[in-house]
Amino acid sequence: MKISNRTSSRGGRRTSAAVALGAVLALTATACGDDGSGAGGDKGADGSGKGKIVFWDNNGGVRTEIWKEVIADFEKANPDIEVDYVGIASTEYQSKVDTALQGGGLPDVGGVGAAMLAGFAAQGALEPLDERLGKSSLNGKLNKDMVESLKAAGGGDDKLYSIPTSANNGVLYYRTDLFKKAGLQEPTTWDRFYAAAKKLTNAGKNEFGYTIRGGAGSIAQALDAMYGQSGITSFWDASGDKTTVNDPKNVAALEKYAALYKKVTPAADLNNDFTKMVAQWDSGTIGMLNHNLGSYQDHVKALGPEKFRGIPQPVGASGKRVQVSNPVDGLGLFKSGKNKDAAWKFIEFATSRAENSKFNEAAGQVPSNTDAAKDAWISKAEPTKLAADALSDGSTTIVQLPYYLPDWNTISKADNEPNFQKVLLGKMSAKEFLDTMADQLNAAQEEWNQQNG
C-alpha cells in the first residue's frame, strides 16, 4: 500500500433521499492505474485487473486511518493489486477533480457522494456501474434507498455512477454535564435550544452555549436550522419550479439562527469548517454542536460517553421534526482510468459486509451493505439508534435537497458560503442572502427541466 503525503487535516426531482429516511430505516434491517494522462471524456481501459490503482479519498485526514485499514485488508486479499492512496480534504475535493478533468490526472477510483455526483457526471467523468453491479456479488446486498438516491443524484439518465458506502443524518450533540449543572432540560425543541444556548454562555469565562458553522460547509447546516424551525417540508413550491429557501418563514428562521453568532458562540466560528468546529467542541466548554453521525466517535474519544449525548434535531412548534437530507457517500470509477477492473475489485471489497461494517463503525455512519447494517455495533451507537427511531416513528419529515442539479454543489458552497459569513457579521440581511440563493437555484432548476423535460 502506498500512502501519499497529500493528505489534508438530477433521476429528476424524485426522492434523492430515500437517503436519510430509507437508509436509516434499513438499520432495522501489468497495467497500472491512471498515469496522469487521462482527462474527462477519455474512455480509459478495463486493464488486466492487476497492478496499481490510484484512489482519491474525498474526506482525507478525517477518514485516512480507516481507509488505510481497508486498503491493507484489500492488498492482503489481492496481492497482485497495489492501491496508491491520496487523501484530499472534503473542502478541496471538488476543485481538485474539476482541475484534473481539464488537465488530466484523474484517479482510477474515488469518493463520489451525492452532493457532487451530478456535476461530475454531467462532465462525462464517471463510468456507469449498473452492468458491473448486476454481475457482482454485491447485487441485492446494497441498501436500495441509497442506490436510488445516487441514481437520482446522477442526473436524468437513470444510471448509477457511484456505489454507496454510507448514509448520514443530522444530530444535535449536547453536553449532558453542562446541562445538568445549569438545570436545563434536554434541547429537544427549538425553544429549549435557544434558551440553553443563552444560559450556558459566559463569554468572560470562554463558555458558550453553541458553536455555529461559519466556514466551509456552512450552508447545509444553515438550511437544516431554517427548515427545522419554519416547518416547511419541501424544497420546491407546488409548481416544482421555485425554491422555498426564501420563503418568509425561512427568512425569519435564518435571522434568528444567525443572530446567535458572537452572542452565544465563539468568534472563531466565522471561519470554522466541521473539523475545526468539532475539535473546538471536544476540547472546550461549549454546550451544543450541530453536526452529523460522522463525528460521534470523535466525541467519545475526547469526552467519554458519559459527558454528552447525540439526539435528533429539535422539533418545531407543531411537534414535528423537519430536517434536510444528508447526501449518501459512495465510490465511483473514473472513465479515464486505465485499470477499471482492478478498481472495481477495490469497490466491491470496500463495500463487502466486513469492510463496510468496519469502515462505518469507525466513521459512525450508516452502512450501505444490508448485512453490515445488522451488525451489533449499530445498536450500541446511541445517535444512530435514536436517528433510526426518529425516522421510523412518523415524527420526522425530510426535505430533499436537489443533488441532481449539476450546479448544486457550487451554489451551496463556493457561491454562497462567503455571503453567509456576511450575514453572520451583519453585513448582509438574511433576506438578501436567501433571495440571491433562490435566484441561482431557480435558474439551475429551469435549465435542468429544459434539458430533462
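## Crossing of helices 10 and 19

The crossing of helix 10 and helix 19 is right-handed, meaning that the near helix is turned clockwise from the far one by less than a right angle. In this predicted model, local features need pLDDT of at least 70, side-chain atom pairs count only at pLDDT 80 or more, and totals for chains, interfaces and linings use all residues. Residues are numbered from 1 along each chain as its sequence is written, and side-chain values use heavy atoms, with hydrogens and water left out.

The axes of helix 10 (residues 248–258) and helix 19 (residues 430–452) come within 9 Å and cross at roughly 130°, the axes being lines fitted to C-alpha atoms over the stretch in contact, with angles from 0 to 180 degrees between N-to-C directions. Asn250, Val251, Leu254 and Glu255 of helix 10 make the contact (heavy atoms within 4.5 Å) with Ala430, Lys431, Phe433 and Leu434 of helix 19.

Four strands form an open sheet in the order 7-8-6-9, with mixed pairing; two strands pair if DSSP finds at least two bridges between them. Strand 7 (208–211) and strand 9 (308–311) are the edge strands, each pairing on one side only.

Strand 6 (residues 170–175) pairs with strand 9 in the antiparallel sense over four bridges, and Tyr174 stands opposite Arg309 in strand 9.

## The protein as a whole

The secondary structure comprises 19 helices and 13 strands, taken as DSSP runs (helices H or I, at least four residues; strands E, at least two) and numbered from the N terminus.
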